[in-house]
2 protein chains.
Amino acid sequence: MSTDRITIHDIAKILNIDSSTVSRALNNSPRVTEKTKNRILAKASELGYQRNDLASNLRKNKTNTLGVIVPRISRHFFSSAIAGIEETAYKLGYNVIICQSLEQLEREQKSINTLLANRVDGVLVSISMETENYDHFDGLRQRRIPFVFFDRHCNIPETSSVLINDFKAGFDATEHLILQGCETIVHFSGPLHLEIYKNRYEGYKAALLKHQLAFNADLVFSSKLMEQDGVDNVSKMLALPDKIDGIFSANDVAAISAMQQLKKNGIKVPNDIAVVGFSNETISAIIEPSLTTINQSGFEIGKTATELLISQIASGSKNIVNERIVIKARLIERDSSQKRKETVD
Amino acid sequence: MSTDRITIHDIAKILNIDSSTVSRALNNSPRVTEKTKNRILAKASELGYQRNDLASNLRKNKTNTLGVIVPRISRHFFSSAIAGIEETAYKLGYNVIICQSLEQLEREQKSINTLLANRVDGVLVSISMETENYDHFDGLRQRRIPFVFFDRHCNIPETSSVLINDFKAGFDATEHLILQGCETIVHFSGPLHLEIYKNRYEGYKAALLKHQLAFNADLVFSSKLMEQDGVDNVSKMLALPDKIDGIFSANDVAAISAMQQLKKNGIKVPNDIAVVGFSNETISAIIEPSLTTINQSGFEIGKTATELLISQIASGSKNIVNERIVIKARLIERDSSQKRKETVD
DNA sequence: AAATATAATACAATCGATTGTATTATATTG
DNA sequence: CAATATAATACAATCGATTGTATTATATTT
C-alpha cells in the first residue's frame, strides 16, 4: 500500500462522493451523516491519509502555530520556559516553532521573518542581548500578529509581557548580601539597555541606598554575562583599590565562573567574598559552595505568557495588547552567601 | 500603511502586470527583465510584502523544513546537537521544527504526525526511552520522507544513523576504572532495549572479561537514568553484599546525583568509589570532584546527521537509506576516577 | 398523495503562490 | 523592410483543503 500523497480527492473518488463531504467528515461536521462519516473515516485510515496542513492552514488563514524566539535553548531558564510554553500550547491545540537568536540581533530579525512567512498565529519573544532597536517587531504589529515578551522584554508601548519584578529581585539579592555583612559589593550586570538588567541594577542601587552604603559606578561591570565574562570580571575586580566582600551577579553563569576564578586565586567564598547569582540554573544547587540565587520559574513564566498570547489571538484584534503580568521570584539562600552562619561542610 | 496581507496579486494589480511575473521577479527568475524586476521589488518592499510560505510550499510540494525529535532540549547533549543541526540546516537553506518527546512514546508518535502534517522534507530523531516499537516510523517511510537517527537510534533495517561507538566508549570507561584499580564495578544502565545502552553495557562486560573480572548481573541497575535514579541506585548498591569500588554510569545525570548521595553517606569519591559518567554535561567539569566522562560532541553529531539527511533529501528517492556514520567520542579523565594519582585539592 | 420541511450531499470559489505554455513585443538578420 | 529569432510578459492550471450556496433526497405534516 503506497500511502504516498493521499488527498481528500482520492478518497472522494474511490467512494464516489464529493471531496467537500470528505473534508467535512474528517472534521466531524454535523452536516455529514454518521454512516458516510464512518465509510470515509475507514477508507481514510485504510489509505493512511494524513491531512496536508499547508493546504488547510492556507485556506483557513490560521495555522494554530506559535513562534518562540529565545536567546538559546540550552539555558535552563529558557528550556524550562519552553517546557511551559509547549505544555500550554499543546493543551490549547497549538503547535510551537522554536527559534534561537543566539544573542544576535540579525538572527532575531531573520527568525521573525521565518515566523511571518510561516504565518504563525502569535509570537513569544525573549530578546537577544544585542537587541537595542525594535523595528523588527513592527512587521508583527502591522500584520496584527499578537506577540508577548517574556523575561527579556522591551519597554515599548502597546506590548504585553510576562516578567518577574527584576527591581525587587535585584534589591533582595543585594540586601541579602548587606545583611550578611558585606560592605563593598560589586555588581555583574548585563547590557543595561535591556530592561531586566537595568532593573536589577536599579534594585542593587536602591538596596545600597537604603542601607547607607555608597554607590560606586566602578563596582559595576557590564558584559554579556557569559562564562568568560565572569573570569574577566574577577580580574577587573581584583585590580580595584577597594576590598570587595560581595558579588551580585545578574546571572548564574557569570557568578559560577567567577567563583571558580576566585577559588583559583585562593579567595574563599563566602568567607572572603559572598556571591549571589540570578536565575537558579540546575548547576547552582550542585556546585560547591552552592550558589545563592534568585529563582524564577521558567515553566510558570512560559505557561503564563502562552496563556496570555493565546487569549489575545482568540480575542481577535480587540486591543488588549498592553498587559503586563508579574510572576513571583524569590531569593534562594544557599552556601555561597552565608557569611554569618557557619557553613556546614 | 497597512501591510496586512499583501499578496503577489496586489502587487500585480497595482503595477498592472501579471502575478506570475511578480512571482518570477521575487524569485529572481531570468525570465523577468531587470527593469520590471526593480519596479516589482521596490513596490514589494514599499508595501511590506512577505511571501506566504504556506502557499509556496503547497504549490512546490517542498517545505525546506526539517523536523527534529529529541527526548528533551534541556539536556546539554541535545541542545548542542540542535545547535549543530540548526547551524547546518540554516546554511543549506532549511528551517527546523523542534519537538520534544519528553521520553514518552506517545508524544514521539504525535510529533511525527505533526511533522507529517506540516510536510517536512526530512526528520532527525533521537528516540525516547519508552520507544520499543518502531511502527510510527513507517508513516515516514511510506511517504518516502528521509529520516536519520542520531545518538539514540533503532536497529532496524533500511535506516541511516549518526552515532558514536557506544560499545567502545563503554569499554574505555570501564577499562579506565579497572586500570585505576577498581575490582567491583557497578554499571548504571539505561533501558536495555535502546541500542546505545545495550552497547555501553556490552562494552562494560567486554572490559571486565578482558581483565578477568567476574561479571555479575546483580551489579547492573537499569533505569531511566534520571536524577532520582542515581540516588536509588546508590541505595541498591549499598545494600549489596559486595564492596563496590567503581561506578560506570551510562549518563552524567545519574552519575552526579549518585556522587552527591555517596557524599551524604560519607563515602569518598574517588578514593572509596571511583565514578565515570557518560555525555559530558556542562556541569560535569564544574562539580567537585569533577566527573570523568565520555565526551560526545553533540554539535558534530547534529551537524553530520543534518548533512546526511539533506543529502538524502537532495538525492530524491534513490535508496542510499542505509548509511551509518560513527563520530569519535573519547574519555575525559577528571578527578572522580583518579584513584591512583593524588587528587589536587 | 401532495406540500412542505429538513437532512444529506454536490458544486464551485477560494486561500497565495508556482510554472508550463501561449502570446505579444522587441531585436536580429538577410 | 519583411522574416525570423528571441526576449518579455500574460494566461491558466495546479497544489490540497475549506466553506457558502445550490441541489437532491428523505422525512414530516396535513
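Mentor: In this predicted model, strand E6 (residues 185-189) of chain A runs parallel to strand E8 (residues 246-249) of chain A, and four bridges join the two. Within that pairing, Val186(A) has Ile247(A) of E8(A) as its bridge partner. Both strands belong to an open sheet of four strands in chain A, ordered E7-E6-E8-E9 and paired in parallel. The edges are taken by strand E7 (220-222) and strand E9 (274-276) of chain A; each has a single partner strand, so one side of each is left without a neighbour in the sheet. From one strand to the next, the twist averages 15°. Across E6, E8 and E9 of chain A lies helix H11 (residues 252-264) of chain A, which runs at about 150° to E8(A).

Chain B may be described in the same terms. Its open sheet has four strands in the order E7-E6-E8-E9, and the pairing is parallel. Strand E7 (220-222) and strand E9 (274-276) of chain B stand at the edges with a single partner strand each, so one side of each is left without a neighbour in the sheet. The average twist here is 15° from one strand to the next. Strand E6 (residues 185-189) of chain B pairs with E7(B) in the parallel sense over three bridges, and His187(B) stands opposite Val220(B) in E7(B). Helix H11 (residues 252-264) of chain B lies across E6, strand E8 (246-249) and E9 of chain B, at about 150° to E8(B).

H11(B) also packs against a helix. Helix H10 (residues 227-238) of chain B meets H11(B) at an angle of about 50°, and their axes are 7 Å apart. Roughly parallel would require an angle under 35 degrees and roughly perpendicular one of 65 to 115; H10(B) and H11(B) are therefore oblique to each other. The crossing of H10(B) past H11(B) is right-handed. From H10(B), the contact draws on Glu227(B), Asp229(B), Gly230(B), Val231(B), Asn233(B) and Val234(B). Their counterparts in H11(B) are Val253(B), Ala254(B), Ala255(B), Ile256(B), Ser257(B), Ala258(B), Gln261(B) and Leu262(B). Eight residues of this contact are nonpolar, four are polar and two are charged.

Another helix pair is found in chain A. Helix H5 (residues 76-91) of chain A packs on helix H12 (residues 298-314) of chain A at about 40°, with the axes 7 Å apart. H5(A) and H12(A) are therefore oblique to each other, and H5(A) passes H12(A) in a right-handed crossing. On the H5(A) side the contact includes Phe77(A), Phe78(A), Ile82(A) and Ile85(A), while Phe299(A), Ile301(A) and Lys303(A) are among the residues that H12(A) contributes. The contact of H5(A) with H12(A) comprises nine nonpolar, six polar and four charged residues.

The surface near DNA strand C contains seven nonpolar, 13 polar and eight charged residues.

DNA strand D is likewise surrounded by 28 residues, the closest being Thr7(A), Ser20(A), Ala55(A), Ser20(B) and Arg59(B). Here helix H1 (8-15), H2 and H4 of chain A, together with H2 and H4 of chain B, each supply at least two residues. The surface near DNA strand D has seven nonpolar, 13 polar and eight charged residues.

Conventions
Residues numbered from 1 in each chain as written. Chains lettered and ligands numbered in written order. Predicted model: local features only at pLDDT ≥ 70, side-chain atom pairs only at ≥ 80, totals over all residues. Axes fitted to C-alpha atoms, helices over the stretch in contact; angles between N-to-C directions. Parallel < 35°, antiparallel > 145°, perpendicular 65-115°, else oblique. Left-handed = near helix turned anticlockwise from the far one by under 90°. Contact = placed C-beta atoms within 7 Å. Nonpolar A, V, L, I, M, F, W, Y, C, P; charged D, E, K, R; others polar. Pairing = 2+ DSSP bridges. Near = placed C-beta within 6 Å.
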